[in-house]
Amino acid sequence: METITLTIDGRTITAAPGQSILEVAEANGIRIPTLCHLEGLSDVGACRLCIVEVAGQLVPSCTTQAVDGADIKTQTDTIKVHRRMILELLFAEGNHVCSFCASSGGCELQDLACELEMHSVTVPYSYPRNRIDATHPWFLIDRDRCVLCGRCVRTCAEVEGAHTWGFAERGSSARVITDLAADWGEAESCTSCGKCVEVCPTGAIVLKGASNAEMRKDSDLVARLTERRDHE
Amino acid sequence: MSKVKISTLWFSGCAGCHMSLLDIDEVLIELAGKIELCNSPITDLKVFPEGGVDVTLIEGAVANEEHLHLVKEAREKSKILISFGDCAVTGNVPGLRNGIPTDKLIEDIYGKGTTTNGELPYDVVPHLLDRVRPVHEVVPVEYFLHGCPPPAGVIAKAILALLDGKEPELVGEDLKFG
């Protein structure tokens with residue numbers, strides 16, 4: 001088998017060609033924070049939290065291939081400053097108020113604030129006011145808690161094959177939509193499978209009726225489903 | 001050894017953080033011998049002592065003109081300022097009114113259908129600011145205690161570290177919001 005050799009944080013590591021830096025790091029027990037990445041889905045480098053330093057450049061490790069001879073650093077001061085600013089901007093862009101969120105205690109964004117030691121958000125909060133769409137009989141989406149990771153979009157397309165979720169608009173107006181911005185309850189392509197609920201890392205897409213800190217996600221679901229599919 | 005002077009202020013918040021402060025159990029006994037609790041909702045003293053204090057904990061977001069005045073005074077008269085709980089750190093629930101014009105807010109809540117007919121006693125009630133702000137958006141803050149409310153253990157850990165002249169080590173789960 002062909003192999004490549006590279007260095008991560010000073011450790012010499014052997015990997016298979018074609019693997020992403022994130023895959024190689026995870027396979028070797030090196031923790032890189034992620035948010036839009038989910039085992040079983042394609043990687044898009046949307047959140048940029050998994051940035052690493054390669055030859056002085058900051059690159060997303062999920063969408064950058066590990067190449068032979070690369071010298072990769074995952075925890076420099078520069079990386080830490082940038083990761084924390086990215087996280088602060090994510091918090092500032094939405095209304096990520098944990099105190100009354102269904103996902104509190106099971107939220108990847110909340111956990112990242114602990115992991116990346118975000119003591120405060122140093123930019124002003126934007127306080128968006130998007131309408132909550134609770135038109136679906138079982139699920140709802142609070143877009144002010146969405147981080148635009150696209151895990152719902154990719155799961156719906158790549159795993160369920162329904163293509164109900166998509167992106168609309170750009171910049172700070174960007175949002176996820178169902179069908180052509182129809183209310184979720186009216187979205188004919190939705191199979192109501194609920195996988196988007198399980199993969200959403202925050203309290204944006206949740207089960208109706210879940211009260212504060214009651215929502216627990218099963219984000220490994222996609223990895224289990226795709227693994228079984230590969231073995232068919 | 002002179003006692004360490006501590007003040008606590010209560011801005012736009014539910015008093016839950018102060019409840020959590022009183023929930024530090026036997027640590028209260030230790031603190032009683034080491035600190036002097038100055039102006040605070042607990043002592044009901046309203047003004048900072050002459051010469052200021054060592055530490056001020058601020059619960060709640062900056063939401064009205066009185067808070068704005070007090071937060072600046074607190075900064076001037078405290079060596080160390082602590083944002084105490086999610087409202088002070090992030091704006092939290094009080095911040096959700098941001099984006100709604102304050103006139104409409106007053107009208108909707110105290111206006112038609114209530115006994116006040118929308119006339120607020122502004123001679124004794126401070127005006128709302130047009131935007132609720134976390135404390136550190138107004139004045140510099142040394143430490144941030146996360147949580148709604150911050151767990152008693154985190155509060156005790158931070159205060160005891162400061163009494164020892166050390167930096168509070170707020171890491172991992174200590175930084176959990178909500």
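This is a predicted model: local features need pLDDT of at least 70, side-chain atom pairs count only at pLDDT 80 or more; totals for chains, interfaces and linings use all residues.
Five strands of chain B form an open sheet, and they follow one another in the order β2-β1-β3-β5-β7 with parallel pairing. The strands β2 (35-37) and β7 of chain B stand at the edges; each has a single partner strand, so one side of each is left without a neighbour in the sheet. From one strand to the next, the twist averages 25 degrees. Helix α3 (residues 65-77) of chain B packs on this sheet, where it touches β1, β3 and β5 of chain B. The direction of helix α3 of chain B makes about 135 degrees with that of β5(B).

Strand β3 (residues 53-59) of chain B deserves a careful look. Six of the seven residues in this strand are buried, so the strand is mostly covered, a residue being counted as buried if 20 or more other C-beta atoms lie within 10 Å of its own. Strand β1 (residues 4-10) of chain B is joined to β3(B) by five bridges, and the two run parallel. Along this pairing, L9(B) has I58(B) as its bridge partner, while W10(B) has E59(B). Strand β5 (residues 78-84) of chain B is also parallel to β3(B), and six bridges join the two. Here V53(B) stands opposite S78(B).

Strand β1 (residues 4-8) of chain A runs antiparallel to strand β2 (residues 11-15) of chain A, with five bridges between them. T7(A) stands opposite T12(A) in this pair. The two strands form a hairpin with two residues between them, and in this hairpin D9(A) takes a positive phi near 50 degrees. Strand β1(A) also pairs with strand β5 (residues 71-73) of chain A, this time in the parallel sense and over two bridges. In that pairing, I8(A) stands opposite I72(A).

S192(A) has a positive phi of about 60 degrees although it is not a glycine. This serine, S192(A), is found in the loop between β8 (175-178) and α5 (195-199) of chain A. Is S192(A) buried or exposed? S192(A) is exposed, because 12 other C-beta atoms lie within 10 Å of its own and a residue with 12 or fewer counts as exposed. In chain B, D25(B) is likewise not a glycine, yet its phi is positive, at about 50 degrees. D25(B) lies in the loop between α1 (16-21) and α2 (27-34) of chain B, and it counts as exposed because it has 10 C-beta neighbours inside 10 Å. Chain B also holds a cis peptide bond, which joins C148(B) and P149(B) with omega at about 0 degrees. The loop that contains P149(B) runs between β7 (143-145) and α6 (152-163) of chain B.

The division of chain A comes next. Chain A is divided into domain 1 (4-75) and domain 2 (92-230), and the C-alpha centres of these two domains lie 25 Å apart. In the contact between them, 12 residues of domain 1 of chain A meet 19 residues of domain 2 of chain A. On the domain 1 side, the residues divide into nine nonpolar, two polar and one charged.

What lies inside? In soluble globular proteins, nonpolar side chains tend to be buried together. The largest nonpolar core of this model has 63 residues, and among them C152(A), C196(A) and I205(A) touch the most other members. Helix α1 (residues 21-27) of chain A gives the most to this core, with four residues. Domain 1 (4-75) and domain 2 (92-230) of chain A each supply at least three residues to this core. Leaving aside residues up to four places away in sequence, C152(A) touches W165(A), V176(A), C196(A), V199(A), C200(A) and I205(A). A second, separate core has 35 residues, including I24(B), V62(B), L145(B) and L162(B).

Finally, the chains meet each other. How many residues does each chain bring to the contact? Chain B brings 21 residues and chain A brings 19 residues. Helix α4 (residues 86-90) of chain B gives the most to the side of chain B that touches chain A, with three residues. That side of chain B is made up of eight nonpolar, nine polar and four charged residues.

How values were computed: Residues are numbered from 1 along each chain as its sequence is written. Chains are lettered from A and ligands numbered from 1 in the order in which they are written. Two residues are in contact if their C-beta atoms, placed from the backbone, lie within 7 Å. Ala, Val, Leu, Ile, Met, Phe, Trp, Tyr, Cys and Pro count as nonpolar, Asp, Glu, Lys and Arg as charged, and the others, Gly among them, as polar. A nonpolar core is a set of buried Ala, Val, Leu, Ile, Met, Phe, Trp, Tyr and Cys residues joined through C-beta atoms within 7 Å. Domain bounds come from an automatic or database domain assignment. Two strands pair if DSSP finds at least two bridges between them. Axes are lines fitted to C-alpha atoms, for helices over the stretch in contact, and angles run from 0 to 180 degrees between N-to-C directions.
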